[in-house]
Amino acid sequence: MSTKPSPPSPPQDQRQFSLGWKTTATSVALLAIILAFYTPLRSTLSKQIFTFSPQAAFNTTRTMTTTNGTVHGPAPPVRVTKRPWDLRGHADHGWLYTYHTFSFASYHDPRYQEYGPLRVINEDRVEKGTGFGTHSHAEFLIWSYIVNGELEHKDSMGNLENLRRGEVQFTSAGTGIRHSEYNRNKKEDCHFLQIWAKPNVKGLSPTNKTRKFTDEMKTDKLVRIMESVDRHSGKDAESEPIPMHSDVSMSASILSPGKSVTHELVAEGPRKVYVHVVMTGKKQPKTGGARVKMQGVELGEGDGGFVNGASGPGKLEVESVGDKAAEFLLFDMGNGE
C-alpha cells in the first residue's frame, strides 16, 4: 500500500521568522486588550506620548559621563524657549487692552500656569478715565511696573498714590487687602505691567512699598528692582530693591542698540530665569523695534524667554540687537515649591 510523502519542513530561518512574528502579533494584541480595559494606563500612556509640556521640557537635563563610566551629575545646556508676544492670552475690553503671559481671567492654557514662584505677568493698557474698581487679594505678592502714563493706587491700608513712569508699587497681600487701580488722567492711557508671585511664607500682615527707578538708573545697566528678603541688605534706602518673601529677584534695563549687560545668578544651584521685553505699542513692529538676544535667541517687543539650564554660580548675557533701546525685565527664581 502506497503512502503520500510528507510535505517538506520549512527552512530553519523561516520557522524562526514565523515564530517571532506570531510572538510580536500576540504581544500587540495583549497590549491592545489591556489598554482597552484599563483606563488609567491608557490615559497615562497617552499623556506621555501626545502631551507637550513646556515645564517638562524645561526640566529635561543631560547627564555627563566620562570614558571610565563615572557619572558627574546633571549638566543641562543653557537654552532659551521663546514665548511669542502674539501667542499670549489677549483681551480688548475697550477700557482695558491686555496681554497675559500666564493663564489669567478668561484665558486658560494648562501649558502656561506659572514658572517657579512667578504666577502673573499682564501687560496692561488702561484707558484714560477708567480703571480697576476695588477688589480683594490674599496670599499673593503683587507689583505694578509703570511704563507710561499715570495710575492711582488706593488700598484698605490707607495708602493713596498716583504712580508715574519708573515707579514700582508693591503690595504683599498677606492675610488680605482691598485695593483699586485707576487712571485719573483724562488725556493719556496708562501702560504698566502687573506682576504676581507666590510668597514662601503664609499668613503675613499686609504691607506696601513704592519706589522709583529712573530711566537714568536703568540705561545700559541692569538694576535690581525686587529682591527676596533672604538676599536683601535690610536697608531702606531709595537705591535699594523692594524686599519680598519669595525666591524671586527682578531686574530691569533700558539697553541701547549694540550694548549688552550681564546678569550674575543670585543663588547657587538650578535657577529658573524669565526675560520679558516691554512693548512700545499695542503690537510688535513687523520690522525693527526693540530686540534683545540671549543664547542666540532673539526676543522682540512683547516676547518672553524661558531660560532653562541656568545654575549658579553663573552668568547670563543679554544683548540689544534692535534699532531702538530695549526695556526689559529679568526674573531670577527658585523652583517655587
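This is a predicted model: local features need pLDDT of at least 70, side-chain atom pairs count only at pLDDT 80 or more; totals for chains, interfaces and linings use all residues.
Four strands build an open sheet, arranged in the order β7-β12-β9-β10 with antiparallel pairing. At its edges stand β7 (131–137) and β10 (160–163); each has a single partner strand, so one side of each is left without a neighbour in the sheet. On average, neighbouring strands of this sheet are turned by 15° against each other, direction ignored.

Now look at one pair within this order. Strand β9 (residues 151–155) and strand β12 (residues 177–182) run antiparallel and are joined by four bridges. To find your place there, look for histidine 153, which stands opposite glutamate 181 in β12. As background, strands of a sheet pair through backbone hydrogen bonds, either parallel or antiparallel.

## Strand β11 and its partners

Next, visit strand β11. Its pairing with strand β8 (residues 141–148) is antiparallel and has five bridges. Here tyrosine 145 stands opposite valine 168 in β11.

β11 also pairs with strand β14 (residues 207–212), again in the antiparallel sense, over six bridges. In this pairing, threonine 171 has asparagine 208 of β14 as its bridge partner.

Is strand β11 mostly covered or mostly uncovered? Strand β11 (residues 167–172) is mostly covered, with six of its six residues buried.

In a regular strand, side chains alternate between the two faces of the sheet. For β11, one side carries Glu167, Gln169 and Thr171, while the other carries Val168, Phe170 and Ser172. These residues are all buried, and both faces of β11 are covered.

Definitions and conventions: Residues are numbered from 1 along each chain as its sequence is written. Side-chain values use heavy atoms; hydrogens and water are left out. Buried means under 20% relative accessible area, exposed over 50%, partly exposed in between (1.4 Å probe, protein chains only). Helices (H or I, at least four residues) and strands (E, at least two) are DSSP runs, numbered from the N terminus. Two strands pair if DSSP finds at least two bridges between them. Axes are lines fitted to C-alpha atoms, for helices over the stretch in contact, and angles run from 0 to 180 degrees between N-to-C directions.
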